[in-house]
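The entries below follow the order in which I looked things up.

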Amino acid sequence: MGLRMGIRSRIGDLFLGLVGFLFLVCLSVVLVLNLRCIYYFDIDYLDLEAETGYSEELIRENYDALIDYNLLFKGVNDLEFPDFPMSDEAEIHFKEVKRIFIAIQILCMVSGAAVLVLLFRKLPRREYGGLKLISLLTFVVPIILGICAVWDWDSFFVRFHELFFQNDYWLFDPITDPVILILPDMFFAHCAAAILIFLLLGGILTGVLYRLLKKIRPYRPEAD
């Protein structure tokens, strides 16, 4: 009986660890998607006005339209840039991107709710292994991805698109789709870095919580 309960506990910890990691990944993406200040900073940092010939106000308006289109609760069904034309291929690509972001936002809510339910079941029984696994995953995975991105960002960027998209519509022609001029690769690199930073912070906070719980309420088999 004790062995069976131990196995169930370990399986539960593994499930919590994976779901918790999924939640932190989705949460990090959602946070970066909503943090428009990253892009606003890059307008100045990357000198987009000089690089594109567009005003900061125009750049912001068109970027905001793109972000609103990808937010679940904004309810924007059709993408329309205030100042830029859009090819059919670009429209298809943006629809594909929107589906990914909507799925991530839904997964964020579902996995977050699942993590809360699992924690409410496990913490009273002093089963903290799932928290430890979340912390480990959110340290190891960002470090590996970060090394790959820093080592060769261009290849990383291309492989990412090849993984998530089954066509080459993400290769925009600035003549037919000038919006690409205000979306330089370095901006996406900054977004990737921000996502990895949020993941690492999630790993730190989860690890701190794990250690505090182990110290305050250590696991005692006789208490089960």
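I began with burial: buried means under 20% relative accessible area, exposed over 50%, and partly exposed in between, with a 1.4 Å probe and protein chains only. I noted that this is a predicted model, where local features need pLDDT of at least 70 and side-chain atom pairs count only at pLDDT 80 or more, while totals for chains, interfaces and linings use all residues. I also noted that residues are numbered from 1 along each chain as its sequence is written, and that side-chain values use heavy atoms, with hydrogens and water left out.

**Entry: the chain.** I found eight helices and zero strands; helices (H or I, at least four residues) and strands (E, at least two) are DSSP runs, numbered from the N terminus. The C-alpha atoms fill a box of roughly 70 × 30 × 30 Å along the principal axes. Of the 224 residues, 39% count as buried.

**Entry: Gln166.** I located Gln166 in the loop between H7 and H8. Is Gln166 buried or exposed? Gln166 counts as exposed because its relative accessibility is 73%. Glu96 is 70 residues from Gln166 in sequence, and their C-alpha atoms are 10.0 Å apart in space.

**Entry: Asp47.** I found Asp47 in the loop between helix H2 (36–45) and helix H3 (48–52). Its phi is positive, about 55°, although Asp47 is not a glycine. Most residues other than glycine have a negative phi. Asp47 has 41% relative accessibility, so it counts as partly exposed.

**Entry: the nonpolar patch.** Which residues form a nonpolar patch on the surface? I listed Phe139, Val140, Ile143, Ile144, Ile147, Ile197, Leu201, Ile204, Val208, Leu212 and Ile216, with about 990 Å² of accessible area together. H6 and H8 are the elements that give two or more residues to the patch, and H8 gives the largest share, six residues. Areas come from the Shrake-Rupley method with a 1.4 Å probe, and for residues only the protein chains shown count as cover. I checked one member, Val208 in helix H8: Val208 is partly exposed because its relative accessible area is 42%.

Conventions:
Patches are made of residues with over 30% relative accessible area and no salt bridge: like charges are joined within 9 Å, nonpolar side chains (Val, Leu, Ile, Met, Phe, Trp, Tyr) within 5 Å. A salt bridge is a side-chain nitrogen of Lys or Arg within 4 Å of a carboxyl oxygen of Asp or Glu.
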